Amino acid sequence: MAITRLPSAGFSITIRIAVPADASSIGRLTTAVGEAGAIVTALDVVDSDPTSVIVDLTCDTADASHADQVVDALTGLDGVDVRKVSDRTFLLHLGGKIEVSSKVALRTRDELSRAYTPGVARVCQAIADNPADARRLTIKRNTVAVVSDGSAVLGLGNLGPAASLPVMEGKAALFKRFGGVDAWPVVLDTQDTDEIVSIVKAIAPAYGGINLEDIAAPRCFEIEARLREALDIPVFHDDQHGTAICVLAALTNALRVVGKQLADVRVVVSGAGAAGTAIMKLLLRQGVGDIIAYDRQGALHRGLTGLNPAWQWLAENTNRENYSGDLPGAVRGADVFIGVSAPNLLTGDDIATMAKGAIVFALANPDPEVDPREARKYAAVVATGRSDQPNQINNVLAFPGVFRGMLDAHAEEFTEEMAIAAARAIADVVGEDKINPTVIVPSVFDSRVAPAVAAAVRAAATAPTPPPAADPGPTDLPEIAATASATP
């Protein structure tokens, strides 16, 4: 059975099956699963008697429809009784993925009197007298709000706040696991820019940082810019800056693999939303040779009409030769392709037209812009956003350490210097002696990553601010976020 999507743990199922107690039964099960295009990851005997065996067979499938096909294939085997099918992803989410736990025991009246009334009143008064003490005496010192309006959930679109909650819970769990940061989902039942800004400003006193998540572009640019202006804590839109940091880190090492310099390469970016815009902005600041931005309007170029302010800025500051053709034409001769858009936009034949030593980052999830198996036939380095492929570019490499560093430094804002420092730290964790075409970023489970990123961000946060240049010249780029419209 041919499938176009790759099996993934995200569509893992466990099937409870009764089979005859003979030597061939188990083999028939695993063969049927393999022929259906799934991958067996576990097989456990649950019970048995003289005539039958009950097993739990766990396998990765490509999607829900493929899972049904696998079950049908097993059901069709002689003597096989499929009793129950469990979706392991849904099982993991039952009741949510995070909880609040107390740091104090509250076992006695003495402890209660100090944690709550009457003792807590003294702490309240101390903070009233010196508001800065909130960072020292409350959860503010280590807590982040993960804020979303549900307007751009993963690659699924505008699902609303309730449907965004599983993602925000997951984000909070990642903050704790990788950065030791306490984070809490704040999903808002509004997609009005003014209202979102007002709500976040109102809840900000309880938090040491704000992580904006899954808010659609270009509205996200204005929300972030206004909150940065209004608040004295860091505001970080992970879809923008977390992605840009990880891409810069990965590209730094990929260029080392192929022996090219950033200033000499032409980059094509498919997707000029929040992530794509931030990626391009950071690459431009780092002196990339040239970029062509591609989105629904086609290649963004000077003279293209009807653009929102963010796209207009890109049209004016990228695409030196004013290319106006299609995406396959844009990648022809390009050194780097970065996709943060939609699946199956390119083929292996398109990648074959790129420059020698081509680099392909196809980051659309779960299905990349080009099949990574096809891309590897022609590109020197291929990365995706998938955990089941080499070179996974995942924001968890960045945001836990970035916030850990900002919270430790009591930073009042997130800066571009922090982004560059974080990207360098991630790239350097791999080590130049370890880099190869299949290892350009560290594993998300590499325990060195978050501490290295946190240290780099702390150093950037506490470094003296350099004086402004007398003449910034033509390379001084305007801040996109400050000029973007709130129009969805």
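This note comments on selected local features of a predicted model.

1. Helix α8 and its buried side. Helix α8 spans residues 193-203, and its buried residues are Thr193, Ile196, Val197 and Val200. These residues lie on the same side of α8 because they cover an arc of only 95° around the axis. The elements that cover them include β5 (143-148), β7 (209-212) and α9 (219-230).

2. The start of helix α8. The N-terminal end of α8 is capped by Asp192. A side-chain oxygen of Asp192 lies 3.2 Å from the backbone nitrogen of Asp194.

3. Salt bridges in general. Side chains of opposite charge can pair when their charged atoms come close. In the whole structure, a search finds 22 salt bridges.

4. Glu169 and Lys97. The side chains of Glu169 and Lys97 form a salt bridge, with an N to O distance of 3.7 Å. Glu169 belongs to helix α7 (residues 161-179), while Lys97 sits in the loop between α3 (88-93) and α4 (109-115), so the pair ties together parts that are 72 residues apart in sequence. Are the two partners buried or partly exposed? Glu169 has a relative accessible area of 15% and is buried, whereas Lys97, at 26%, is partly exposed. The cut-off explains the assignment, because a residue counts as buried under 20% relative accessible area.

5. Asp149 and Arg219. A salt bridge also joins the side chains of Asp149 and Arg219, at 2.8 Å from N to O. Asp149 is in the loop between β5 and α7 and Arg219 is in helix α9, so this pair ties together parts 70 residues apart in sequence. Asp149 counts as buried, at 0% relative accessibility, and Arg219 counts as buried at 4%.

6. The closest N and O atoms of the salt bridge between Glu213 and Lys171 are 3.2 Å apart. The pair links distant parts of the chain, 42 residues apart: Glu213 is in the loop between β7 and α9, and Lys171 is in helix α7. Glu213 is buried, with a relative accessible area of 4%, and Lys171 is buried, with 7%.

7. Strand β14. In a regular strand the side chains alternate between the two faces of the sheet. In β14 (residues 381-384) both faces are covered: Val381 and Ala383 are buried on one side, and Val382 and Thr384 are buried on the other. Strand β13 (residues 359-362) pairs with β14 in the parallel sense over four bridges. Within this pairing, Val382 of β14 is the bridge partner of Val360.

8. Cis peptide bonds. The peptide bond from Thr117 to Pro118 is cis, with omega near 5°; Pro118 is in the loop between α4 and α5 (120-129). The bond from Ala217 to Pro218 is also cis, with omega near 0°, and Pro218 lies in the loop between β7 and α9.

9. Asn319 is not a glycine, yet its phi is positive, at about 55°. Asn319 is found in the loop between α12 (309-317) and α13 (327-331) and is buried, with a relative accessible area of 1%. Asn391 likewise has a positive phi, near 60°. Its place is in the loop between β14 and α16 (399-408), and Asn391 is buried, with a relative accessible area of 5%.

Methods. Residues are numbered from 1 along each chain as its sequence is written. This is a predicted model: local features need pLDDT of at least 70, side-chain atom pairs count only at pLDDT 80 or more; totals for chains, interfaces and linings use all residues. Side-chain values use heavy atoms; hydrogens and water are left out. Buried means under 20% relative accessible area, exposed over 50%, partly exposed in between (1.4 Å probe, protein chains only). Helices (H or I, at least four residues) and strands (E, at least two) are DSSP runs, numbered from the N terminus. The arc is that of the directions from the helix axis to the C-beta atoms. Contact means heavy atoms within 4.5 Å. A polar contact is a pair of N or O atoms within 3.5 Å; within protein, one must be able to donate a hydrogen and the other to accept it, and residues adjacent in sequence count only if both atoms are side-chain atoms. A salt bridge is a side-chain nitrogen of Lys or Arg within 4 Å of a carboxyl oxygen of Asp or Glu. Two strands pair if DSSP finds at least two bridges between them.
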